[in-house]
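Good morning, and thank you for the time on today's agenda.

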Amino acid sequence: MTALDPTIVAALLRAAGLDQPIFDPVEVAADLAQRTADIEGLEALLTGRTARDSTARSPGWVQ
Amino acid sequence: MTSSILHSAHALRAGSTTSAALTEASLSAIKRLDGDLHSFVLVDAEAALDAGHQADRHLSAGRDLGPLMGMGIGIKDIVDMAGLPTRCGSPAYPPDPVARDATVVSRLRAGGAVIIGKTTAHELACGVYSAPARNPWATDRIPGGSSGGSGAAVAAGLVPVAIGSDTGGSIRIPASLCGVVGLKPTYGRVSRAGVEPLSWSLDHIGPIASDVYSAAVALGVIAGGDDADPTATTTFVDFTDTLDRGVEGARLGVIEGEPFEPMQPDVAKAVNQAIEVLASLGAVLVRVTIPALRHTLAAEFGIVGPEAAHYHRERLRQRPEDIDPGIRALLVAGSISPVGHYLKALEARRVLAEAIRETFRAGEFDALVSPTLPATAAGLDQENFEYDGFTEAVTLSYVRTTAPFNLSGLPAISVPCGFDSSGLPVGLQIAGRPFDEATVLRIAAAYERTEGWTSVVPPRHSTRVRS
C-alpha cells in the first residue's frame, strides 16, 4: 500500500475545489492509499471476466 | 395473524377506536418515551391530529382508503414532506421547509395514513449510529442506521410503521438491532423521488414495521411506478395475498462463509435455531457459499464514495466543517479518486450480482437466508467488534452482510429471531429473487407465526403490548 505524493494530492484537491485548510493533503493521501488498495483488490474478482455492460443497473433477470 | 396494523384497522372499522384516538396515543407515547430515545427529530402534532380527524371523517362517510388508513407513520428525515425541512441529520442542510412531498409521502397520504413526524437519520444517511437516537432495548446501545430513528420508533411502539432508506443495509440494520421487521424491496420497486440520495444506484426506500403483515401492507401502499423516478416499476402486487401460505417445499439456500462469517456466537445460535424452525415447517435447506461476496465492501464503498461525493460536491466545498470527519473523508476520496476505480467497482457489482443469481439458479432456490448482521447492537461510542481475535469496525461489520443485496438489487427482509445473552435482538435475513417480495414476506410470515418474536417488546421503552 503506497500513499500518493501529498503534493499531487494537493493538486487534485485544488482541481476539485477542495483547497481549504480542513483538507490536509497528507491525511488525504494516507486515506486514499487504503481505499485504492481496497479497489485494487477487486482485480482478483474481475480478472478474466468480460462484463458486458459494467454500468447496467437492473435487478431483473432474463430467465 | 398478529399485527398491530391489522388489529387497529379492525378496531377502526368496528368503531371501537378512532384514528384521532390512535394519533393522540402515538403523540402521548412520544412525549413519554422519546425524551430518552430521540427517535423523532420533528413531530407535527397539529398536522397529525388533522389527518387523524380527516381519516375518521372519510370512514364515517364510507370512504375506505385502504389498510394504512388512520395509522400513524414516521418518515425518515431524508424524505421530503411539504412545509417541513429535510435535514438529513446534518447541520449542513438548511432549516427551510421544502415545497413538495416525496412520492412515497404522497402515496401514504393518499392511502389515508397519518404522518406523525420525521425520524432521526444518521448524518447524510451514511452511517449506522444515528445519534442521538437510542435503542429501546438498551438505551446505552445504538439503534443502528442510517434509519435508526425509524427502527427505534417502531420498536418503542410510537408508530407501527416508519419509512427508511437502505443503501448498504440502512433499513435492515436498525430493524435487526431494534427487534422489528425491515424490508428493503427490489431496486425499482419504490420511487426515490423527493428523497435525498446517498448513492443513487444503490439507494432503496422501504418500510420498517412492527410485524411482517404491517411491512407487507406498507410496501403495497408505497410501491409503484412514478414519472419522477424512471427506475420505479409499475407492476402492482398485493403483498399480503400469500402471507399465510407457509414454506412447505420452499427451497432455501443457507449462506455460509465470507462475508457472513465471522459472527458473534449468540447470533450464530439464534440464526441456526431459526433455520431449523424453517426446516421443521417443511422448507428444504441447502448450505451454500458465495465466495465472490468477500469483495462486497470494496464494491459497495467504491460506488458509494464517488456517487455521494458528486451529489454533495457543493456542500463539501462550502461547508466541509459541518460534515463528520469520517463521512468527509469518504466524500473527499470520492471526489479525487480516478474514475477507473468507480468503473471497477461497478464492474464488480455486476459480477457479484451474477454470482448471487447463479446461486439461485443452481440451487433452484426460492430465497437465501443468513444472519441479517453478525453482531447485536453496539455501544454508543463503540468503534470495533472483536470476533475471536479478529477486530473489525462496527460499520463495516454491519454492512458486510446486508450490502450484497444492495449491490444485487434483490429484495431482503430482516425478521427478529431471538436475543443474545444480554437481551439484545438478533435478526434473520431472507433475500429473494427480483421483484419477488411476496416470497420473502411469505417465508418471514411463516417463521413469525411459529416463533412470535415480533410480539416480544422492549421491557421499559415501549408502548407495544405483547399480543
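I shall go through the chains, the sheet, the core, and then the contact between the chains.

Please keep in mind throughout that this is a predicted model.

Let me begin with chain A. It has three helices and zero strands, and the order of its elements from the N terminus is α-α-α. Of the 63 residues in chain A, 19% are buried.

Chain B contains an open sheet of 11 strands with mixed pairing. Reading across, the order in chain B is β1-β3-β2-β4-β6-β5-β12-β13-β9-β7-β8. Which strands form the edges? They are β1, residues 40–43, and β8, residues 284–289, of chain B, and each of them pairs on one side only. From one strand to the next, the twist averages 30 degrees.

Helix α2 of chain B, residues 19–37, packs on this sheet. The helix touches β1, β2 and β3 of chain B, and its direction makes about 135 degrees with that of β1(B).

Within the sheet, I draw your attention to β12 and β13 of chain B. Residues 412–419 form β12, residues 425–432 form β13, and six bridges join the two strands in the antiparallel sense. Here B:I413 has B:I430 in β13(B) as its bridge partner.

The largest nonpolar core has 163 residues, and the members that touch the most others are B:I73, B:I115, B:V212, B:I430, B:L441 and B:A444. Helix α7 of chain B, residues 212–222, gives the largest share of this core, nine residues. As general background, nonpolar side chains in soluble globular proteins tend to be buried together. What does B:A444 touch, if residues up to four places away in sequence are not counted? Its contacts are B:V212, B:I413, B:V415 and B:I430.

For another setting, consider B:L59 in helix α3 of chain B, residues 45–60. Apart from neighbours within four places in sequence, B:L59 is in contact with B:L12 and B:D64.

There is also a hairpin in chain B. Strands β10, residues 384–387, and β11, residues 390–393, run antiparallel and are joined by four bridges. B:Y387 stands opposite B:F390. Two residues lie between the strands, and B:D388 takes a positive phi near 50 degrees.

I turn next to a pair of helices in chain B. Helix α9, residues 296–311, and helix α11, residues 325–336, pack with their axes 7 Å apart, at an angle of about 90 degrees. The two are therefore roughly perpendicular to each other. From α9(B), the contact uses B:G305, B:P306, B:A308 and B:A309; among the residues from α11(B) are B:L330, B:L331 and B:A333. By class, this contact has six nonpolar, three polar and no charged residues.

Finally, how do the chains meet? The contact takes 27 residues from chain A and 33 residues from chain B. On the side of chain B, α9, α10, α11 and α12 each supply at least two residues. Helix α12(B) gives the most, with 10 residues. The side of chain B that touches chain A has 17 nonpolar, 10 polar and six charged residues.

Thank you for your attention.

Conventions
Residues are numbered from 1 along each chain as its sequence is written. Chains are lettered from A and ligands numbered from 1 in the order in which they are written. This is a predicted model: local features need pLDDT of at least 70, side-chain atom pairs count only at pLDDT 80 or more; totals for chains, interfaces and linings use all residues. Two strands pair if DSSP finds at least two bridges between them. A nonpolar core is a set of buried Ala, Val, Leu, Ile, Met, Phe, Trp, Tyr and Cys residues joined through C-beta atoms within 7 Å. A residue is buried if 20 or more other C-beta atoms lie within 10 Å of its own, exposed if 12 or fewer, and partly exposed in between; C-beta atoms are placed from the backbone. Two residues are in contact if their C-beta atoms, placed from the backbone, lie within 7 Å. Axes are lines fitted to C-alpha atoms, for helices over the stretch in contact, and angles run from 0 to 180 degrees between N-to-C directions. Angles under 35 degrees count as roughly parallel, over 145 as roughly antiparallel, 65 to 115 as roughly perpendicular and the rest as oblique. Ala, Val, Leu, Ile, Met, Phe, Trp, Tyr, Cys and Pro count as nonpolar, Asp, Glu, Lys and Arg as charged, and the others, Gly among them, as polar.
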